[in-house]
Amino acid sequence: MATPQSARGDPVKSGWTFAALMVAAMAGGLPMGCGSSSGGQAPDYLDRNAMLDPQTCQSCHAGHYQQCAASMHAAASDDPIFRAMNMRGQAETKGQLGSFCIKCHAPTAFSEGATTDGLNLDTVPRPLHGVTCFFCHSIDSVTGSHNAAVSLSGDLVMRGEFSDPAPSSAHASAYDTLHDRNHAESASLCGACHDIVTPGGAHIERTYAEWQGSVFSSSEGDTCNQCHMNQSASKGPIAQVSGESLPARYTYAHDFPGVDVGLPGGSTSEQSVVEQFLQTTLQTALCVTQQGGVRAIVDNVAAGHFWPSGAAQDRRAWAEVVATKAGKVIYQSGVVPEGGSVTALTNDPDLWLLRDCMFDTTGNQVDMFWQAASTESNELPAPVTFVTTDPDFYKTHVYQLFPRAMNTTLPQMPDQVTLRFRIQPIGVDVLQSLVASGNLDAGVVAEMPILDVTPIVTWTPATATLTYQEQGQPVTCVSPSNLNVAADKTLAVNHVKCSP
């Protein structure tokens, strides 16, 4: 899991700016509204306009504010790729896309009536941009499993995970299982926006459904926020209130690391946090047969859902394999230069590319979600049991052949082979399509990073100390995580209908 960060990046880049009105309202250096009610008098709570502004929250919850301001939640409505895709979708559907995108990407602006389709976001007041504190902490029910099916209370009560909230003069507080990371129901709040069904009926994002079908949804597993909201190492006050002593509690980071990073101008520290988080997800092993065939083994041990999941129709994840002999490359697959596109590797028949493909009602492959009626996926499955003696335990133990045919070998027996898994949050081919349609600035393409999901694994005859049998012959392996290479393995699912 990612290390808690007190501040990452520039909040201005992430979508939330300082509200001059709130700053001017601070008196005597004390944050506006901070303090606990006392003396038996009814507190004079902040009004709705103040509550809507994330900057107001910073007055008392500075750490959480800084974390969230640097997150993709805060940047959701300012992200240039979202803007470009929504603009193109509105044009190509002649406005029929409507509020489909903004209900998740600009939910506060939508619920406040500041936008109906996201095309006027440049004129929407800054406090309403992105997924705000007020929006998440005002949700009082989940009404469906996808497409932002939530309802807001309207009572200005901020809901959270503590059953005994401290009194505050800023706002009323209440406990809600939807906001309690230790309660299974909390996953449905995340799932409401992280499962998406297109207008044509394609289930293009299924992270919540994948979690529901995994062992992580059981009492032995983890909820979404137990992975994506890291717990502090020690207890402390939730709010910083001058002159008040508040109870010490564990706090939970609000940066929500996943796959995406802020563009343009995303900080290297932000990318580093995301990369570190991703590197806790997969275990890998690299094996070579006596005849010179390469086997890449990967196990999705910690995602809690399929991998890469999320917007897998736009994500590009792949394995990079390079074999050398006496320092010269004799074979490679999945080698993409920084800033390049994995789908440009048209002369790579062994490419192991993990993604969703989308199809329209006639079965033709399409590139944009509003065209999609169905999908085909080859993502890594999620664990369904923690019991090692259960035959289903190793269904996540997936392997791929390089070269692809079972009895095919490399041109020479290598003396070194390397393996790593890589991902582009949004494929360069997707971005280039948005540039070509005139909806995205070409400069964004060069900023899309390639992230390393796993460290490089290096096989040599000397370091390959793990073995298993294949067709009666020993196969030697190396694994940085001591993956059980001899266990049952499932051959990777390869796409049938879609091109890279």
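Me: Ala312, buried or exposed?
Reply: Ala312 counts as buried because its relative accessibility is 0%. Buried means under 20% relative accessible area, exposed over 50%, and partly exposed in between, with a 1.4 Å probe and protein chains only.

Me: What sort of model is this?
Reply: This is a predicted model, in which local features need pLDDT of at least 70 and side-chain atom pairs count only at pLDDT 80 or more, while totals for chains, interfaces and linings use all residues. Residues are numbered from 1 along each chain as its sequence is written, and side-chain values use heavy atoms, with hydrogens and water left out.

Me: Back to Ala312. Where is it?
Reply: Ala312 is in the loop between strand S8 (294-300) and strand S9 (316-325). Helices (H or I, at least four residues) and strands (E, at least two) are DSSP runs, numbered from the N terminus.

Me: What does Ala312 touch?
Reply: Leaving out residues up to four places away in sequence, Ala312 touches Arg355, Asp356 and Glu379. Contact means heavy atoms within 4.5 Å.

Me: Which peptide bond is cis at Pro308?
Reply: The cis bond joins Trp307 and Pro308, with omega about 15°. Pro308 is in the loop between S8 and S9. Another cis peptide bond joins Phe402 and Pro403, where omega is about -10°. Pro403 lies in the loop between S15 and strand S16 (416-424).

Me: What does S15 pair with, and in which sense?
Reply: S15 (residues 397-402) and S21 pair in the parallel sense over 2 bridges. S8 and S15 run antiparallel, joined by 6 bridges. Tyr399 in S15 stands opposite Ile297, and Tyr399 also stands opposite Leu491 in S21. The bridge partner of Val398 in S21 is Thr490.

Me: How many residues of S15 are buried?
Reply: 6 of the 6 are buried, so S15 is largely enclosed by the rest of the structure. His397, Tyr399 and Leu401 point one way, while Val398, Gln400 and Phe402 point the other way. In a regular strand the side chains alternate between the two faces of the sheet.

Me: Which residues are best connected in the largest nonpolar core?
Reply: Ile81, Met85, Phe369, Leu431 and Leu434 touch the most other members of that core, which has 41 residues. A nonpolar core is a set of buried Ala, Val, Leu, Ile, Met, Phe, Trp, Tyr and Cys residues joined through side-chain atoms within 4.5 Å. Helices H3 (48-52), H6 (80-92), H7 (102-105), H14 (428-436) and H15 (443-447) each supply at least two residues of this core. Apart from it lies another core, of 34 residues, including Val261, Val398, Leu451 and Val478.

Me: And Ile81, what is it in contact with?
Reply: Setting aside neighbours within four places in sequence, Ile81 is in contact with Leu263, Ile426, Leu431, Leu434, Leu440, Val444 and Met448.

Me: At what angle do H6 and H14 pack?
Reply: The angle is about 55°, with the axes 10 Å apart. That makes H6 oblique to H14. Axes are lines fitted to C-alpha atoms, for helices over the stretch in contact, and angles run from 0 to 180 degrees between N-to-C directions. Angles under 35 degrees count as roughly parallel, over 145 as roughly antiparallel, 65 to 115 as roughly perpendicular and the rest as oblique.

Me: Which residues meet there?
Reply: Ile81, Ala84, Met85 and Arg88 in H6 meet Val430, Leu431, Ser433 and Leu434 in H14.

Me: Hairpins. What is in the turn between S9 and S10?
Reply: There are 2 residues between S9 and S10, and Ala326 in the turn has a positive phi of about 55°. S9 and S10 (residues 328-333) pair antiparallel over 5 bridges.

Me: What is phi at Gln471?
Reply: Phi of Gln471 is near 50°, a positive value in a residue other than glycine. Gln471 counts as exposed, at 59% relative accessibility.

Terms used: Two strands pair if DSSP finds at least two bridges between them.
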